[in-house]
Amino acid sequence: MAVLVTGGAGYIGSHTAVSLHEAGREVVLLDNFSNSSSGAVEAVRALTTPDMAFIEADLRDGEALDGVFQRYDIDEVIHFAAFKAVGESVGRPLDYYDNNLGSTIGLAKAMVQHGVERLVFSSSCTVYGQPDTIPVTEAAPTGAESPYGWTKYMSEQILRDACESLPLNTILLRYFNPVGAHPEGTIGEDPNGIPNNLVPFVMQVAVGRLEKLRIFGSDYDTPDGTAVRDYIHVVDLAEGHVSALDALASESVGCTAVNLGTGVGSSVLEVVEAASRAVGTPIPYEIVDRRSGDIEKIWADPAHATAALGWTSTRDLDDMMRDHWNWQRSNPNGFAV
Ligand code: NAD
Ligand code: WQD
């Protein structure tokens, strides 16, 4: 039996493939390389087994998907494949709804048709917006502020409805801010163009591809005035997926949401300081205006993840920066040769 990993060449999918292999699972990767490259697949195979199956396909291609379920003995699925850039989603809303909802619906239909009942879905803390109560629990109200965010909100609802009446069990994992890389430094985040996210931007400054960081706002109601997030090591996140599959295998959950965060909030300045320690030189930065749409502060209450999945994060901000820097330093241009 095997686990199908959609978006398996991407940042989180590639790390999860390694953790799944380490946990003794057979893995089938699927990706259309819309935001990744074959280099990631080769790097995952080098860390695991040269035999790891990979299918290049678009999840919205029903025939291709049917072929995957016919060819491989799949009994569980982790669904990472999606477009994920908040800003881009505002300018390309139809592409985001088409890709993210089309993929999720097509995949769920194929699973039901082939009798595959266990699904782990990549959701996001973006569904909480700025919560009234922090740390935020899964019971907090949800919504969205961008087309990207709505695709996560709507995918959650679609899967909740599907699990009500169809033979499907789903864990909706709400990730906080994944950063870091596998400690070997051979897989990691490889964003297209200028990074939108903080840590990839900081690391490209450190490696000399960008001149300096712009910190968006220092007048927030936080201890040092910069915005606070719950950064989580991507390997902790990957291990959370293994735990989620184990939980699905042991009981029928219906459809349930679980936060994957550390429970620790770090400010932008704290991240910059940790990155400077990892790199060994100060990261140059300037303070500029707030970025429109940003929230002030959020971090997870991870208690439900521990109770429901038996999972807890083990890596701290220094581990995240050390491993992210190790990847960036060894691969200054990402997977490009
Ligand atoms: P990523 O872009 O690195 O990986 C997604 C992968 O899916 C890419 O390799 C892309 O080529 C593939 N893909 C996209 N559409 C596809 C399609 N129609 N068919 C086949 N493959 C397709 O992103 P990531 O950071 O690894 O994120 C994985 C998931 O986690 C996404 O669903 C994302 O929304 C979610 N998420 C990410 C973050 C984050 O900060 N990275 C936070 C919360 C949630
Ligand atoms: C973190 C902090 C910025 C860049 C996004 C998505 C969210 C989720 C995770 C997918 C903020 C500040 C950033 C820079 C900066 N993804 N920053 N200078 O905004 O928490 O969340 O990724 O689901 O949906 O919105 O992450 O890494 O962009 O920003 O000062 O050049 O760093 O203002 O406070 P964010 P981020």
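Author: Here are some questions and answers on the helices and strands. This is a predicted model, in which local features need pLDDT of at least 70, side-chain atom pairs count only at pLDDT 80 or more, and totals for chains, interfaces and linings use all residues. Residues are numbered from 1 along each chain as its sequence is written, chains are lettered from A and ligands numbered from 1 in the order in which they are written, and side-chain values use heavy atoms, without hydrogens and water.

Reader: How do you know that the span of helix α6 agrees with its number of residues?

Author: A helix is a DSSP run of H or I with at least four residues, a strand a run of E with at least two, numbered from the N terminus. The expected span is 1.5 Å times one less than the number of residues. The 19 residues of α6 (147–165) should therefore span 27 Å, and the end C-alpha atoms are 27 Å apart, so the two agree.

Reader: What covers the buried residues of α6?

Author: Buried means under 20% relative accessible area (1.4 Å probe, protein chains only), and Tyr-148 and Leu-159 are among the buried residues of α6. Their cover, by contact (heavy atoms within 4.5 Å), includes α4, α5, β5, β6 and β11.

Reader: What makes β3 and β11 edge strands?

Author: Two strands pair if DSSP finds at least two bridges between them. The open sheet has 7 strands in the order β3-β2-β1-β4-β5-β6-β11, with parallel pairing. β3 and β11 each pair on one side only. As for β3, 4 bridges join β2 to β3.

Conventions. Buried means under 20% relative accessible area, exposed over 50%, partly exposed in between (1.4 Å probe, protein chains only).
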